[in-house]
Structures are given as C-alpha cells and as structure tokens.
Amino acid sequence: MEEILLHVEDMLVAEVGIVSCIEFDLPAQSRDLAADVSTIGVISGVAVITSLEKELSVYVESLVATVQLPCLRCDKIADVLLEGVKTGERQFFMRIPSELLSEDFPEVFRINRSEATIDIGEMLRQEILLALPSQYQCSGVHVDGQEDVDDGHNPFAGLKEMLG
C-alpha cells in the first residue's frame with residue numbers, strides 16, 4: 001500500500017498523554033493489499049494519536065473500506081464492506097530503541113521528524129487484512145451447481161448430511 005502521511009507537528013512537542021484525532025478520507029483508487037486482495041473506493045477513519053515520551057501511540061477507529069476478495073469456491077471477485085473497524089495500536093518512534101533493531105522486529109514504525117509526519121499506510125494494510133473473513137464465499141450458484149446456504153457461519157453446518 002502506498003504511503004499515507006499524517007502531519008503530527010503539534011504532537012511532537014506535546015506533553016506526554018496528550019491525545020489528538022485526525023480524520024482522513026483517502027481518494028478512491030485501487031490499492032493492492034496482498035495477492036488477490038485489493039481495496040476499491042474511499043478508505044476513511046479517524047487516527048487517534050497519543051503523545052508518549054519519545055514516541056507516538058497510534059490506532060485508527062471507525063475505519064471504513066471496501067475490499068475485493070475472490071470467492072473460495074468459484075474465484076468470482078466480490079466486494080466486501082468493512083465498517084467501524086478499530087485497529088490495533090502501533091508505536092511510532094522518534095529514535096528506534098536498540099532492542100528493536102533486529103530481525104525479530106521487521107516492522108518498526110518511524111516518525112519522520114524533519115517533515116513531522118507518520119506513514120500509516122502499512123499499518124492500515126495490515127489491519128484491513130486482519131479484519132477480513134479468513135475464508136470468503138460469495139452467495140449464489142457456483143460452478144459445481146451447488147447453491148450457497150446461509151449457515152450462520154457454523155463450520156459444521158451440513159456435516160450430518162455429508163456423513164449420510
């Protein structure tokens with residue numbers, strides 16, 4: 001996912017514990033998140049930023065995005081709307097602590113102090129992927145002729161019939 005920069009100049013000089021909210025609406029465009037998974041349309045939400053001693057704590061609430069996913073059974077591409085997602089919290093560092101400079105921590109988020117920005121693009125990509133259903137099946141008749149039935153997301157629905 002491309003860079004999504006938020007300007008945080010006021011938060012870099014704020015006292016510890018100060019909270020700021022930044023609303024964002026990213027323009028409608030296709031953004032690849034992973035193999036066969038992309039967003040379409042606007043991505044919007046509210047970034048909640050808390051000032052800490054040498055870092056910023058950031059999460060996004062009210063995240064809204066439409067994601068295109070292939071159906072598990074027929075590979076038809078379907079649009080899945082994610083609404084009201086609250087992301088996990090991430091720490092954005094002014095100076096990366098030495099214990100995080102290892103292969104054990106490949107994803108370390110940095111504050112660009114010279115431009116007073118943070119890039120939440122990778123954070124949003126990860127969180128949108130985590131919010132998606134683990135397996136998606138569209139509704140309708142598939143290539144095998146079997147129609148999907150709303151089974152209440154019970155993984156054992158239909159097991160009795162299959163076992164005969």
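**A tour of the salt bridges**

Begin by selecting Glu122 and Arg125, which in this predicted model form a salt bridge whose closest N and O atoms are 2.9 Å apart. Both residues belong to helix 2, where they are separated by three residues, about one turn of the helix. Glu122 has a relative accessibility of 22% and therefore counts as partly exposed, the cut-off for buried being under 20%.

Stay with helix 2, which covers residues 121-131, and select Glu127 there together with Arg90 in strand 7 (residues 90-93). The side chains of Glu127 and Arg90 meet in a salt bridge, at 2.6 Å from N to O. Because Arg90 lies in the strand and Glu127 in the helix, the pair ties together parts that are 37 residues apart in sequence. Are these two residues, Arg90 and Glu127, buried or exposed? Arg90 is buried, and Glu127 is buried as well.

For the last stop, select Arg31 and Glu2, which form a salt bridge with their closest N and O atoms 2.9 Å apart. Arg31 is part of strand 3 (residues 31-34), whereas Glu2 sits in the segment before strand 1 (5-7), so this pair ties together parts that are 29 residues apart in sequence. Colouring by accessibility separates the two partners: Arg31 is buried, with a relative accessible area of 2%, while Glu2, at 31%, counts as partly exposed.

With this pair the tour is complete, since the structure holds three salt bridges under a cut-off of 4 Å between the side-chain nitrogen and the carboxyl oxygen.

Notes: Residues are numbered from 1 along each chain as its sequence is written. This is a predicted model: local features need pLDDT of at least 70, side-chain atom pairs count only at pLDDT 80 or more; totals for chains, interfaces and linings use all residues. Side-chain values use heavy atoms; hydrogens and water are left out. Helices (H or I, at least four residues) and strands (E, at least two) are DSSP runs, numbered from the N terminus. Buried means under 20% relative accessible area, exposed over 50%, partly exposed in between (1.4 Å probe, protein chains only).
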